[in-house]
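These are my notebook entries on one structure. I record what I looked up, entry by entry.

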Amino acid sequence: MLKKLPNEAYGLSLSLVEISDASDIVALRSSPELTKYMVTVEKNVEKQEEWINEYKKREQRGEDLYFAYRQKDLLVGFARISHINYEKGTCSLSSWIKNPAVQSVGSRMLLSRFDIAFEYLNLNEVHASIHKDNNKALRHWQCFNCSLEGKENGYNNVAISIEEYYKIKDSYYKKFIKNLI
Ligand SMILES: CC(C)(COP(=O)(O)OP(=O)(O)OC[C@H]1O[C@@H](n2cnc3c(N)ncnc32)[C@H](O)[C@@H]1OP(=O)(O)O)[C@@H](O)C(=O)NCCC(=O)NCCS
């Protein structure tokens, strides 16, 4: 049986995305600068609400988890665990974006999703597709000795196994998170 998802991780609160998050998602995801290496969404809150409605169906089926992260009342950002496949034991980490006004939270957003994938969903391999020039995102994955599974249209398909994650997790935590909480 699945454990109840955490509502706190590494000093950040996390909650599943609701319709009320649409305007905050649009504000970040419609910025051409912030979304240079990911899909830029239209500046249209109604369309985003429709997208969230569809997402909620996937969430109900256990296929997709989209988290809003906050520090006290300040919005920190959004990130997803998508394409959850219990048979294969895999998922993808996607839609990772942080409020540029908040520093040093990217690593906490990432670690919290690895923990959920491996400890709460009991998966054993986590995937991501990251643009080859997105150094800010890639450097985090490279810390975990991610394997390069392939390259497609300028994106690197990377993966991290549960074994590799637990070899590195403590040193990553000490280096990028411990002193910040
Ligand atoms: C991807 C993203 C969430 C990563 O967050 P981040 O930029 O690392 O931000 P943080 O505030 O956590 O890190 C800031 C500092 O922590 C340090 N740091 C933290 N983790 C680090 C790591 N794993 N390796 C190196 N430095 C790290 C660095 O000193 C960094 O300072 P710098 O930005 O001046 O180099 C953020 O860059 C973002 O929102 N990008 C736009 C959207 C996007 O491209 N998403 C990814 C799609 S795959």
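**Entry 1: strands S3 and S4.** I began with strand S3 (residues 65-71) and strand S4 (residues 74-85), which pair in the antiparallel sense over seven bridges. I count two strands as paired if DSSP finds at least two bridges between them. Helices (H or I, at least four residues) and strands (E, at least two) are DSSP runs, numbered from the N terminus.

**Entry 2: the model.** I note that this is a predicted model, in which local features need pLDDT of at least 70 and side-chain atom pairs count only at pLDDT 80 or more, while totals for chains, interfaces and linings use all residues. Residues are numbered from 1 along each chain as its sequence is written.

**Entry 3: the whole sheet.** I then traced the open sheet, whose eight strands stand in the order S1-S2-S3-S4-S5-S6-S8-S7 with mixed pairing. Strand S1 (8-9) and strand S7 (147-152) are at the edges with a single partner strand each, so one side of each has no neighbour in the sheet. Helix H1 (residues 22-29) lies across S4 and S5 and runs at about 90° to S4. For this angle, axes are lines fitted to C-alpha atoms, for helices over the stretch in contact, and angles run from 0 to 180 degrees between N-to-C directions.

**Entry 4: strands S6, S7 and S8.** I found S8 antiparallel to S6, with seven bridges, and antiparallel to S7, with five bridges. Ser129 stands opposite Asn157 in S8. Opposite Tyr155 in S8 I found Glu152, and the bridge partner of Lys151 in S8 is Asn156. The hairpin of S7 and S8 has two residues between the strands, and Asn153 takes a positive phi near 45° there.

**Entry 5: burial.** In S7, zero of the six residues are buried, so S7 lies largely in the open. Lys36, in the loop between H1 and helix H2 (45-60), counts as exposed because it has 11 C-beta neighbours inside 10 Å.

**Entry 6: the core.** The largest nonpolar core has 38 residues, and Phe67, Ile81, Cys91, Phe114, Ala117, Val126 and Trp141 have the most contacts inside it. Such a core is a set of buried Ala, Val, Leu, Ile, Met, Phe, Trp, Tyr and Cys residues joined through C-beta atoms within 7 Å. H3 gives the largest share of this core, seven residues. Leaving aside neighbours within four places in sequence, I listed the contacts of Cys91, among them Ile81, Ala117 and Val126. Two residues are in contact if their C-beta atoms, placed from the backbone, lie within 7 Å.

**Entry 7: the ligand.** Of the 19 residues around the ligand, Lys98, Gly106, Lys136, Ala137 and Phe176 come nearest. A residue is near a molecule or strand if its C-beta atom, placed from the backbone, lies within 6 Å of it. Strand S5 (90-98), helix H3 (106-120) and helix H4 (135-143) each supply at least two residues of this shell. H4 gives the largest share, five residues.

Technical notes: Buried ≥ 20, exposed ≤ 12 C-beta atoms within 10 Å, placed from the backbone.
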